[in-house]
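Hi everyone, thanks for coming. Let me put the sequence and the model up on the screen, and then I'll walk you through what I found.

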Amino acid sequence: MEDIIKDYSNDEIKLSEIFSILWQKKLFIVSLSFVFAISSVFYSLSLPNIYTSDIVLKVAGSTNSGMSQSSQFGSIAALAGVNLGSGGGMDEKADLAKQTIRSRDFVKHISSFKDVIPSLMALKEYNASTESITFNEEVYDSVNNKWLTSLPTDYDVYKKFISMVNVFIDIDTGFLAISVKHQSPYFAKFFLELIVHELNNIERERDIAEAKRSKEYLNQQLAIYKVANIRNSINALIQAQLETEMLANVRQDYLLRPLDSAYVPQKKSAPVRSMICIAGTFFGFFLASFVVLIRYYFFRVNT
């Protein structure tokens, strides 16, 4: 029993012993740490600046008259298969906006605008002096607006879109925050405004089309029924659809209203080059220390 305890005490790794081993190999550790530090500096400098433009939006609410129409004739509208357009609370609309932005159909629609796909998929660098984007001429001919390789697939565009566009819902306030990351601060602002504009347009067109179909159906029913009470209810439903159509045509920010305008970011949001250099240096130090300790104890055990 005493022999086992003695052997165990001999094999125990002491902290002072570790420091002694590392100190003996300090030149190797410092050299490897220096190599990693220099490499991390060059790596961080090779990374392009990324700018982030963000915006906070409030979900557009319904009018009081629309709310009263919905509560008064909601059951009749449901039986007739008509949507009064008051649909859902703020949280539901905010979630609808978020899921619409992250949908493949919306990305396909938004990427159909001029210069969007080249700015996403064929970007080489951003020239800050001319405030313009330089495209990869081996992939995309910007002069003739022609792809020299195969056109990026919808899936590739969608992956790029998701990686650069972030949508966040504040649970406490119900506000929607959207941010866009890109090498060009001007394109980040433009793309952010385009997303909000097209999201409002899609919802507006959808409600207008639905209101028109509902009016056509209600007018058909109005010609069938002769009972005064039913006709009054149908007329009220038609009035609600007219109100929905009017708001959709008049209200510019139909679904989302910006609390502050989108802006051109003046400072980069990434990369944080100082953190990359510090992390690279520490990684080199720990790697060198690990190699020294493994070599020392491995060869000691095997000798």
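When I say that two residues touch, I mean contact in the sense of heavy atoms within 4.5 Å. With that in mind, take Ile133, which touches Ser119, Leu123, Glu125, Tyr126, His182, Ser184 and Phe187, leaving out residues up to four places away in sequence.

Before going on, some housekeeping. This is a predicted model, where local features need pLDDT of at least 70 and side-chain atom pairs count only at pLDDT 80 or more, while totals for chains, interfaces and linings use all residues. Residues are numbered from 1 along each chain as its sequence is written, and side-chain values use heavy atoms, with hydrogens and water left out.

Back to Ile133, then. It is found in strand S3, residues 132–135; helices here are DSSP runs of H or I with at least four residues, strands are runs of E with at least two, and both are numbered from the N terminus. The scale is under 20% relative accessible area for buried, over 50% for exposed and partly exposed in between, with a 1.4 Å probe and protein chains only. From Ile133 to Phe187 is 54 residues in sequence, and 8.8 Å in space, C-alpha to C-alpha.

Now the overall picture. The protein chain has 11 helices and eight strands, and 35% of its 303 residues are buried. Of the contacts with a separation of 6 or more, 77% join residues 24 or more positions apart.

On to the cores. In soluble globular proteins, nonpolar side chains tend to be buried together. By nonpolar core I mean a set of buried Ala, Val, Leu, Ile, Met, Phe, Trp, Tyr and Cys residues joined through side-chain atoms within 4.5 Å. The largest one here holds 32 residues, and Ile101, Phe161, Val165, Ile178, Phe191 and Ile195 touch the most other members. Which helix gives the most to this core? That would be H9, with eight residues. Looking at Val165, we find Ile101, Ile178, Ser179, Val180, Phe191 and Ile195 touching it, again not counting residues up to four places away in sequence. There is also a second, separate core of six residues, including Ile21 and Tyr297.

Most residues other than glycine have a negative phi, and most peptide bonds are trans. Asp115, in the loop between H6 and H7, has a positive phi near 70 degrees, and at 35% relative accessible area it is partly exposed. Asn145 sits in the loop between strands S4 (140–141) and S5 (146–147), with a positive phi of about 55 degrees; with a relative accessible area of 52%, Asn145 is exposed. And where is the cis peptide bond? It runs from Ala270 to Pro271, with omega near -5 degrees, and Pro271 is in the loop between strand S8 (256–258) and helix H11 (273–301). Thanks, everyone!
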